Amino acid sequence: MTAFDLMRFEDWTDPVRSAEREVASLLPDADEGRPPVLFVPGLGHGAWAFAEHWLPHAAGRGFPAHVLGPRPGGDLRALVHDVVQTAAALPRQAVLVGHGVGALVVARALGRYPARAAVLVAPVLDGWSALGSALRANPGGTLPALVGGRLKLSARQLFGAGLPAEQAGEYLARMDPRPRRELLGRAVPPRPVGTPPVLVAGSPDDRVVSRKALDRAAAAYGGDPLLFPGMAHDLMLESSWAEPIDAILDWLGKQGGR
Amino acid sequence: MHDSPDLGDRRDAVCVVGAGASGLTAVKNLLELGFQVDCYERETAVGGAWNWRHDRSPVYAGAHLISSRQHTEFPDFPMPDTWPDYPHHSQVLTYLERYAKHFGLGEHVWFGMEVVSAVPTADGGWEVTTQSTGGGSSRTQRYAALIVANGHNWDPRKPDIPGEFRGRVMHANAYKDPAVLRGRKVLVVGGGNTGCDIAVEAAQQATRVWHSTRRGYWYAPKYVLGRPADQVNDALLKWRLPLRLRQWLYRRTVRLTTGDLTRFGLPAPDHQPYESHPVVNSQLPYYLGHGKITPVPDVTAFDGAAVELAGGERIEPDLVITATGYRPRFEFLAPELLDVNEHGRPDLHLHTFARKNPTLAVIGLVQPDAGVFPLAHWQSVAVAQWLRLRRTDPARAAVVQQKESVRPLASWSRRQVVPSERHWFEVDHIDYLRSLESLLNQMEPSK
């Protein structure tokens, strides 16, 4: 991991332009002083992917819950900028929860914002590995994207057998993945500022993020991944979505605060 | 407070003096490394100089940032990107209030409490005596370290002008509202950013404006090529161009944007760019060109209704505003602790670390060619890391101290600056941050 990041010429000379941000929020009925949670969806997924289950569930357990929709056409730098801006606008130090490429965005944002804690769910930190997995699980939808065509995600790639096909089809219809060249590569995440606890969660049966990639991601933060066997990549949309979010919120509860 | 057996002994806790921008970032970064912190603030709210409600605040109604937002915000807590390039001072206060709230800093600040004395103890700690602002009983507590963040823009440096003046003289510190300028004949003394700002405000309000400067300066515009000038300037600094080349580029840029101001009667600069604090003002040339501001030389004397200028000319303003800067002041510390010289200037390593006392540091006592907040942030990070290293690995700390003691002064401090009262702590933000970066990397745990 990179060390201290003092020299920020890119931000000093060519700052990211502001854009309207799509933020959906659900606040618990009573403020019990829990830290706000900011969900960051991944490639092709909008704010809806978290609004479906995890957002209301987190709010129901007393966490002010927010989800940030990705900026249309935004590059990685712009997405990171938006996460940091959104987090800093919250009244208290936030917990960042990113999924897939959203976890990569969170990993980068951790270098710029001292989060209370962070959770990387099925993180795509290694673009090459994710591409390899995608080619195996969904060659027909992935190959065209390599030659400039559209990327089409498939149910087999993202969901487990437990999710009704009709529901899976509905989710897929809402996805519009626009991968960028810069996602290919093995990202070296910056060292988180403020040394927050970081949890990596995922499934050994994920067809996008391999078990190996998961282990590597967790090791980069000095831990082991929290595993939910049997689940597919989209843990927050699976029929057993409650299990991982409950485990994540339990973990958060144990972190305590400063 | 309840976890220490002796109420007066805060053991490993750190004492921070002041809850302005520098104090707040010190508190935050110390907490982040696990320190207990007590911060004392003489006012009843955060914000220091930026809180216009405070009696020591120098801000005036029309004050905006001189450096752009991206050069001013803390590196880990950006200002909203919907804010303008050069936010208003009230937005800066809002920002500091949000920062304090976001990181829960308020609960570590004792408001309405002044530090009246701080004395080093034999075991390397501090005995800090505090008192309610304006009086009351005092109490003394022990701390492991002392971080001074009491600001340097509150004790006005008033020029020594002989003679009596019948009109009104005020320091820029007391200038709040352009209403005092309305319909008056105003002389503004001082060529710094504040002096230029007030001269411009006077040009919009007063019947007559003189602007007295001791020397010619490089007046940079706030925008170059449609971008904040400091952002364009950093594009040059990035390439580590030699100073001479940068000075040449700077002169070219000023010539192409602001142009030659000697035509309006301003003296030509007697120094190279980067040898004085940058003056950034796009409106000054505009009002010079409209005849609303008359540049005049140094003031030599007051004489009844008149002010005498170098060269013998006499003018008759009814209001004189002296924008002649501020002096750092540390009345709660013995001068030798900060190696304060006869001019009242402390001599600190990186303008931060006391040279003889390893548990004493000052935050924010720099004048960079960019915002102070980012520098204050990284100073705080370095101080917090230093205090932790001293505790966890004294042997390594000694090695770092040894290495730091031979760091060349010229690598972080502007040595070649104009001889004036206010340029001694001028730093180049790039050089300065690079020095802090290398110090921080030295203190990294070895792998």
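This is a short chat about a predicted model, its interface between chain A and chain B, and one residue of chain B.

Colleague: What should I know about the numbering and the cut-offs?
Modeller: Residues are numbered from 1 along each chain as its sequence is written, and chains are lettered from A and ligands numbered from 1 in the order in which they are written. The model is predicted, so local features need pLDDT of at least 70 and side-chain atom pairs count only at pLDDT 80 or more, while totals for chains, interfaces and linings use all residues; side-chain values use heavy atoms, with hydrogens and water left out.

Colleague: How many residues does each chain give to the contact?
Modeller: Chain A gives 30 residues and chain B gives 32 residues, where contact means heavy atoms within 4.5 Å.

Colleague: And how much area do they bury between them?
Modeller: About 2,700 Å², with 59% of it on carbon and sulfur atoms. Buried area is the accessible area (1.4 Å probe) that two parts lose on being put together, summed over both. In chain A, F4(A), L6(A) and W12(A) lose the most area to chain B, together 26% of what that side buries.

Colleague: How many salt bridges cross the interface?
Modeller: The rule finds two, a salt bridge being a side-chain nitrogen of Lys or Arg within 4 Å of a carboxyl oxygen of Asp or Glu. R191(A) and E444(B) form a salt bridge at 2.6 Å, N to O.

Colleague: New topic: is N51(B) buried or exposed?
Modeller: N51(B) is buried, at a relative accessible area of 0%; buried means under 20%, exposed over 50%, partly exposed in between (1.4 Å probe, protein chains only).

Colleague: What does N51(B) touch?
Modeller: Beyond its neighbours within four places in sequence, N51(B) is in contact with A45(B), V46(B), S57(B) and L93(B).
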